[in-house]
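Here are my notes on this one, written as numbered points. Keep the viewer open and follow along as you read.

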Amino acid sequence: MAQQKNDRSETHTSRRASPEGAAVVHRVGIVMNGVTGRMGANQHLLRSVKAIRDQGGVRLNDEEVILPDPILVGRNPVKLARLAEISGLEKWTTDVEAALEDPAYPVYFDAQTTSRRAEGVRKAIELGKHVYCEKPTALTTAEALALYEAARDAGVKHGVVQDKLWLPGLMKLRMLRDTGFFGRILSVRGEFGYWVFEGDAVPAQRPSWNYRKEDGGGIILDMLCHWRYVLEDLFGPVRAVSCLGATHIPRRWDEHGRPYPVTADDSAYATFELEGGIVAHFNSSWCVRVRRDDLLTIQVDGTKGSAVAGLRRCWTQAYGNTPRPAWNPDVPQPIDFFDGWLEAPDQRTYDNAFKAQWELFLRHVVKDEPFPYDLLAGARGVQLAELGLASWRRRAWVDIPPLAP
Ligand SMILES: NC(=O)c1ccc[n+]([C@@H]2O[C@H](COP(=O)([O-])OP(=O)(O)OC[C@H]3O[C@@H](n4cnc5c(N)ncnc54)[C@H](O)[C@@H]3O)[C@@H](O)[C@H]2O)c1
């Protein structure tokens, strides 16, 4: 039986006893493009799609499971064959056009470099595929919005990665907010970043295109997409941005050991005004050394309590535990400020953040369950990045207008 989703895309459903013990297996073919890259291979293929297959699919109820069935797409057959071997998945191709034409694959996934995303996603939508992709969805807001409109008009399902929402640390923040721990939230401080080596003496741990504007690089485009959905999900709509970018390290070495000039921003110091008066400030940098709890920490201060979340852990300080320091540099500080914090326990198990979102997207495709993390949300991320860049250029606060399709 084939479930018709729209004119062109369908998910294949078979009614038979399966190894997973489910009577109904919804097989969802996925063209996975950019899967040889860092994110494509590690987070999306191995820790999400393969992990979902290894657990027997996404179980919907006693009867039904969703089984993602990917075909790996890339340019390099050697890398693809190796990835297929590591993952135990057999199907791969260097011919993305042919994979997209194949009705066995109703979903297109894109984790290519940022500058290639819009074209890849647009083509897939034109062929009637459902699309799921990494952020940023495009280089400009206009292009990102056009992708949303194309997907909406084609009637396909669409989604954009918003992985940070499923980080255990941020889920704990959400729980604290929902249970009123903070009182009235006043401010949010995000510290993101670590030292990314230049690539000469020590190999760089990020791809070189990240540092070339002409190839879609730059930390503002990369990170402000994330900060928009994080702020809006946890604290409220972003109304204005003031952003100062910098290129602190002007020369780096690429994957072949060749020096190149850095043409993109590698650090961003951004302040956001949220609806309701919350002030958020996020520092994002690839030129910073870490002396904090994690690579990303978010501190929330409220009238009744504060919390600091890392990727997985979260520490809280309630009003009654708040120390009362007095400024006196003439004596050693008598308070150990780390002592007054209590760690929020794991009150549930936490899955990989990318995998958690993949499961929701697959349920959206097969069962039409709600999935708000769509191409319009993706466009809002690109909009904040674009206006952050405009703020830097103009040295001014920039209001964020509603994004009207
Ligand atoms: N959600 C997150 O937290 C997160 C983190 C890092 C990166 N990303 C996003 O994921 C995307 C990929 O980033 P990455 O760090 O994995 O990059 P990467 O350089 O490791 O991988 C890029 C992929 O694109 C492919 N590619 C590059 N040029 C191509 C071309 N000309 N034709 C066809 N394919 C080409 C590469 O082969 C590779 O598979 C970026 O858009 C980035 O913004 C998201």
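How many bridges join β18 to β19, and do they run parallel or antiparallel? Point 2 has the answer.

1. First, the ground rules. You're looking at a predicted model: local features need pLDDT of at least 70, side-chain atom pairs count only at pLDDT 80 or more, and totals for chains, interfaces and linings use all residues. Residues are numbered from 1 along each chain, as its sequence is written.

2. Now for that question: β18 and β19 run antiparallel, joined by 2 bridges. Strands here are DSSP runs of E, at least two residues long, while helices are runs of H or I with at least four, and both are numbered from the N terminus. Two strands pair if DSSP finds at least two bridges between them. Look for T316, which stands opposite L342 in β19.

3. Go next to β17 (residues 305-309) and β18 (residues 314-318): these are antiparallel too, with 5 bridges. A hairpin takes you from β17 to β18 through 4 residues. S306 has Q317 in β18 as its bridge partner.

4. Zoom out to the sheet. It is open, has 9 strands with mixed pairing, and goes in the order β19-β18-β17-β16-β10-β15-β14-β11-β20. Its edge strands, β19 (342-343) and β20 (398-399), each pair on one side only. β20 pairs with β11 (residues 238-246) in the antiparallel sense over 2 bridges, and V241 stands opposite V398 in β20.

5. Helix α7 packs on this sheet, touching β10 (185-193), β11, β14 (267-274) and β15 (279-285). Contact here means that C-beta atoms, placed from the backbone, lie within 7 Å. The direction of α7 makes about 25° with that of β14. Helix α9 lies across β11, β14 and β20, at about 60° to β11.

6. How do the two helices meet? The axes of α7 (residues 219-234) and α9 (residues 375-394) come within 8 Å and cross at roughly 125°. That makes α7 oblique to α9, because angles under 35 degrees count as roughly parallel, over 145 as roughly antiparallel, 65 to 115 as roughly perpendicular and the rest as oblique. Axes are lines fitted to C-alpha atoms, for helices over the stretch in contact, and angles run from 0 to 180 degrees between N-to-C directions.

7. Finally, the ligand. Among the 19 residues around the ligand, G37, R38, M39, T114 and P207 come nearest; "around" means a C-beta atom, placed from the backbone, within 6 Å. α1 (38-54) supplies the largest share of the shell, 3 residues.

Conventions. Two residues are in contact if their C-beta atoms, placed from the backbone, lie within 7 Å.
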